[in-house]
Amino acid sequence: MSVEPEVPIVQVEEVRENPVLYKIISSDNHVFTISEHAVKLSKTLWDLITNLGLTAENALDNPIPVENVNGKNMETIVQFCERHKYDEEEPEYTNYIREFVLPEWDRQLLSIDNEELFQLILATNYLDIQKLMDYCCRVIGDMAKDKTPEELRIIYGIPTDAEDDALERSASDSPGPSG
Amino acid sequence: MQFLKLPFLAHVNILKYLEPSEQLLLSFCSLITRALVSRMRHTPTYSVFVLDRPEVMYYSLVNLPEKEKTLIIWTWKSEQWGDVQTERVKSKNIDLECRITFNASNTPILWCPSEDGPSRKRFATAFHSHMCEVFRVEPEMQFKLSLEYMNELPYTNTVRDVTLLDTSVNYEVVDEFFEKFHVKRAVVSTSLRDSPLKGSFKFLQVDNIFMDRAYWLKRLQFLKFDCENLVTGPTEIKKRDLVAFVKQCRWDPEVDKLEYNEPIYDYAKYIVLSPQYLKKCQNGIVTRKSDGLRALATTFAGQFHLHTNTFFRKMQFLKLPFLAHVNILKYLEPSEQLLLSFCSLKTRALVSRMRHTPTYSVFVLDRPEVMQYSLVNLPEKEKTVIIWTWKSEISAQWGDVKTEKVISRDIDLECRITFNIVSNTPILWCPFEDGPSRKRFATALHSHMCEVFRVEPEMQFKLSLEYMNELPYTDTVRDVTLLDTSVNYEVVDEFFKKFNVKRAVVSLSFKDSPLKGSFQFLQVNNVIMNSAYWLKRSQFLKFDCENLVTGPTEIKKRDLVAFVKQWLKGNKTKLKTFHVISTYCVDVHTIMNKFNLSRKSDGLRALAATFDGQFHFHVFHKKNEFGVQT
């Protein structure tokens, strides 16, 4: 039986001609390595790397802490970025782009429950990964197909106006932090 | 050959070419080969013990459920192999004297007839340990068996998934099985004959139950299920049983149940998530009063699907960042955005904050008791956003589809909602009893569209005039398209008295048009008619519009001449373009020869042209920078 390291490290494959790897530490102390091409998909991370002056020589010695993203989401994000690092730029979408088909690999990757998808979107928004944001939103958009307002409320967790009012009333009735 | 002295890279390469069963036999060679094989990279996987016939056990690796690949077989049938030598299979916990042969698919078969029951069970258990240690097989066992062979199973208390095959035993053995083994994940019944599950109550608490078919399932047993996921093939469960199940369903709001990941994805994804299934089904919501937990019930073609909203519970759509909202709404069709805007005042505000291209809308009334509301990007290219109907057979047609409330600022409507199978357009089945409430709804919907979707306030209509009374409250209309109708010119006049048509009237009428005989529409600025065979001289000469375009007419040359004469006299001051197709031969030279197309009263000039029965008359109203009228 292999012994699991104390802090799991997600390894990624990198092409020989571009061996520059960066280390990222998630909020729950999982360590991930990610290639230069992949990390460029995240505007936030790439700006950080550029501002910190990380180079091929010192990249692995200076892990980048990302406080707002947990290990589970970071793993998905790293997988996604590695998968799409050599993608050509996609054309600007117009409105109502249902004809765009989400690739099967990405659909599988994003077949997660709603809570996870919600958290992943927050992480993606923070890391500013446009493509992953597009794909996550596409998955959420697809959920609305053939759904009535009542079903949409359930699927998207939207409270009714009455529930909203009740929530506001109870919030205003409850004593503040000072008691 | 000194295999063990080969470099590591060579070992990796060689083992890459070996089948799992060959790697397994290699691992039995010695402790060193066992260590060698275990050092290789093995994808973690589950295994399954298969017991589907007497005196034979299969051990398989499972990559996909029900797609296991047999790794090794052992049998305790009496010897059939004469001179085949026995040999010792040894590993850490295994020590077995047996004969080894290979079947047609090269799977090794261990012949061990002399072993007794307990030693067979020990071997099966030890073998699984070997697989876990060397091949990274998951420790949790899985079984696929006919229950008469239950006693051959290895030593364990817990099982992950169990597949029950056809068997001749009764429910008591089933109960015994579920008492002996704690099934952690799923029980799958592929039994085609009378299932032994019939009568058993022990398996009803397993978290996930999948049954190929369950004709035997009776109400008493059905109502006792207390699982997370229950998926069955054909049953004889009746509607009242389903209703009773829903009524007494004891959902636990503290536990996330019915999530569509494993094992639903493993075993039932084709049943419960088939897009075709979801597209055509009827939906309804059931709510539990005690804790407000809601469930989505769907039916289609004899299938009933109940899904508690715990799956949905944690999506906090409204708490997503603005960029995500923009992105998500980009993927929604206008009709989906509209339904989202009906969810609450917050979603209404959210949708209205998005960028909507200003556009016109059109109310379509082309058949009785149905109205469509469409957005128009190009004239005559409208896209229907929503349909509502007040047909009386609603209840008969839609049976148990629950009504729901569509509420917005000025809208409060209790209706059933379905979707057009082809276009996915939502259809509201409304119990409107009187005309005024229908008119109020149409007017309120348009206001909603104007406020939320930046639809232009000016309404447009496309209708058969017999449904005129259903139109929303308004005085002015931008464009009106008149379809075939059976009403007469009096109704047309009434329409044009009631509504001030600001821009155009388009007649798509092919039959006898009601416009024949009407004089109220002749002052509309733009009149476009598909065909106007009915158009007579008296009516024709009374047109006082900017642009008049007609399809085929029976207008004669002298009528055209009279029309142009009127213009030359200073009448028809608004006229810009007049284009008519006549079934009679029209010769422009006749007109050109008769007139100098320059009007004395205001100096306006005109151009007349003919081609192939078409007559075109264009008045130059504006002067360009060179002082030339255009």
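Chain B has a mean pLDDT of 82, with 83% of its residues at 70 or more. Select residues 250-262 of chain B, where the pLDDT is below 50; beyond near neighbours in sequence, this stretch has 38 contacts in the model, a contact meaning heavy atoms within 4.5 Å. Residues 273-279 of chain B also have a pLDDT below 50, with 14 contacts beyond near neighbours in sequence.

Two conventions apply to this tour. Residues are numbered from 1 along each chain as its sequence is written, and chains are lettered from A and ligands numbered from 1 in the order in which they are written. The model is predicted, and local features need pLDDT of at least 70, side-chain atom pairs count only at pLDDT 80 or more, and totals for chains, interfaces and linings use all residues, while side-chain values use heavy atoms, with hydrogens and water left out.

**Chain A**

Turn to chain A, whose mean pLDDT is 81, with 80% of its residues reaching 70 or more. Select residues 1-16 of chain A: the pLDDT there is below 50, and the stretch has 29 contacts beyond near neighbours in sequence. Within chain A, confidence is lowest in strand β1 (residues 9-10), at a mean of 49, and highest in helix α3 (residues 71-84), at 94. Helices (H or I, at least four residues) and strands (E, at least two) are DSSP runs, numbered from the N terminus. For the complex, the predictor gives an ipTM of 0.82 and a pTM of 0.62.

Next, select K131(A), which is found in helix α6 (residues 130-142) of chain A. Is K131(A) buried or exposed? K131(A) counts as buried, because its relative accessibility is 16%; the classes are buried under 20% relative accessible area, exposed over 50% and partly exposed in between (1.4 Å probe, protein chains only). Display D87(A) as well: its side chain makes a polar contact with the side chain of K131(A) at 2.8 Å. A polar contact is a pair of N or O atoms within 3.5 Å; within protein, one must be able to donate a hydrogen and the other to accept it, and residues adjacent in sequence count only if both atoms are side-chain atoms.

**The sheet of chain B**

Return to chain B, which has 18 helices and 28 strands. Of its 630 residues, 51% count as buried. Show the open sheet of 11 strands, with mixed pairing and the order β4-β5-β6-β3-β2-β1-β7-β8-β9-β10-β11; two strands pair if DSSP finds at least two bridges between them. Its edge strands are β4 (86-90) and β11 (229-232) of chain B, each pairing on one side only. On average, neighbouring strands of this sheet are turned by 25° against each other, direction ignored.

Within the sheet, select β5 (residues 95-102) and β6 (residues 108-111) of chain B, which pair in the antiparallel sense over 4 bridges. R99(B) has W111(B) as its bridge partner in β6(B).

Axes are lines fitted to C-alpha atoms, for helices over the stretch in contact, and angles run from 0 to 180 degrees between N-to-C directions. Helix α5 (residues 171-180) of chain B also packs on the sheet, touching β7 (141-145), β8 (158-164) and β9 (182-189), and its direction makes about 145° with that of β9(B).

In the loop between β5 and β6 of chain B, select N106(B). Its phi is near 65°, a positive value in a residue other than glycine. N106(B) is exposed, with a relative accessible area of 51%.

Move to strand β19 (residues 412-419) of chain B. Of its 8 residues, 6 are buried, so β19(B) is largely enclosed by the rest of the structure. Strand β18 (residues 404-407) of chain B runs antiparallel to β19(B), joined by 4 bridges; the two form a hairpin with 4 residues between them. Here V406(B) has L413(B) as its bridge partner in β19(B).

β19(B) also pairs with strand β20 (residues 426-429) of chain B in the antiparallel sense over 4 bridges. R416(B) has W429(B) as its bridge partner in β20(B). β19(B) and β20(B) form a hairpin with 6 residues between them, and N424(B) in the turn has a positive phi of about 65°.

**Final stop**

Finish at K572(B), in the loop between α17 (557-568) and β26 (577-582) of chain B. Phi of K572(B) is near 50°, a positive value in a residue other than glycine. K572(B) counts as buried, at 9% relative accessibility.

Technical notes:
pLDDT is the predictor's confidence in each residue, from 0 to 100.
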